[in-house]
Amino acid sequence: SFAAGRWWTLVTGAFFALTPLFYLPMLGSFALFVGWAEYHIGTRLTAAVTVVGQLLAVLGASLFLLVVQTPAWPWSTQTATQLDVGFSAGALAVAAVASAMLRPPWRLRVRLVLGIYALVAAFYTGTPADLEHFLAVAIGLAAGPRITRGLNPPASGRPSRREWPLLAVARLLMVPVSSVVTHFVPGDGPL
C-alpha cells in the first residue's frame, strides 16, 4: 500500500481484521497483552509503547521487504504485495517491554515464549504480520529494560543455575514447535 501511495493504511489498518471472525482473537489478545502491560507499567507508558511499537514494527517490516525484495527470492516479492491489518504488533511490543518488570525466573520464561513465537512465526510462516511481530518483540525486548528503568524493575542479573536448563530446553523445543507450526499452518516463509 505504501508503493501505491496509500500511506494512511499505517493508521487505518490497525482498526480492521482480515475477516469478521478474526476480530474475536484480535481483540482478546490485545486486551490480554495490553491489559497485562498496563498493570505492570501504567496506562500512559502502555499507550505510548503500544502505538510507537505498532508504527515501528509496520514501518520496519515494510522497509525490510523493500530492501530484500528481489525476483530471485519469490517469498520477498509475494510478501511485499500482501496487506496486513490489526494492532497485534503494538500489543506484542508492549508485552515485551512489560516483561522487564517481572521477577526472575518469570521474566526469562515470558521472554522465551515471546521470542520463540516471534522467531518461528517469522521464519516459517513469514506473513507481513509475522515480520511485524518479530520486529515488535525484538524492539520491545531490547528497549524494555531502558523504558522501565524509572519504574524500579526487579534486578535482573545472569540466569540462575535452575534457568540454564530452561534455556537449553527452550532451544531444543524450537525444532519440534517449528515442525508443528509448519504442519498445521503451512506457510511460504523465508525458510
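Tutor: We take the helix contacts and then the pocket.
This is a predicted model, in which local features need pLDDT of at least 70, side-chain atom pairs count only at pLDDT 80 or more, and totals for chains, interfaces and linings use all residues. Residues are numbered from 1 along each chain as its sequence is written, and side-chain values use heavy atoms, with hydrogens and water left out.

Student: Why is α5 called roughly parallel to α7?
Tutor: The two helices pack at an angle of about 30 degrees, with their axes 7 Å apart. Angles under 35 degrees count as roughly parallel, over 145 as roughly antiparallel, 65 to 115 as roughly perpendicular and the rest as oblique. Therefore α5 is roughly parallel to α7. Axes here are lines fitted to C-alpha atoms, for helices over the stretch in contact, and angles run from 0 to 180 degrees between N-to-C directions. Helices are DSSP runs (H or I, at least four residues), numbered from the N terminus.

Student: What makes α3 oblique to α7?
Tutor: Helix α3 covers residues 43–68, and its axis comes within 8 Å of that of α7, crossing at roughly 135 degrees. That angle is why α3 counts as oblique to α7.

Student: Which residues make this contact?
Tutor: Contact means heavy atoms within 4.5 Å. Among the residues that make it are Leu56, Phe64 and Leu65 of α3, and Leu135, Ala136 and Ile139 of α7. By class, the contact of α3 with α7 has 13 nonpolar, one polar and one charged residues. Ala, Val, Leu, Ile, Met, Phe, Trp, Tyr, Cys and Pro count as nonpolar, Asp, Glu, Lys and Arg as charged, and the others, Gly among them, as polar.

Student: Why is α2 called oblique to α3?
Tutor: Their axes come within 7 Å and cross at roughly 135 degrees. So α2 is oblique to α3. Phe30, Val34 and Ile41 of α2 are among the residues in the contact, as are Leu45 and Thr46 of α3.

Student: What makes a space in this model a pocket rather than a cavity?
Tutor: On a 1 Å grid over the protein atoms alone, a cavity is a set of points where a 1.4 Å probe fits but cannot get out, whereas a pocket is an open set with protein on both sides within 12 Å along at least five of seven lines. The largest pocket has a volume of about 950 Å³. Of its 35 lining residues (an atom within 4 Å of a point), the closest to its centre are Tyr117, Ala121, Ala129, Asp130 and His133.

Student: Which helix gives the most to the lining of the largest pocket?
Tutor: That is α6, with eight residues. The lining has 25 nonpolar, seven polar and three charged residues.

Methods
Grid points are joined across faces, edges and corners, and a volume is the space filled by probe spheres set on the points.
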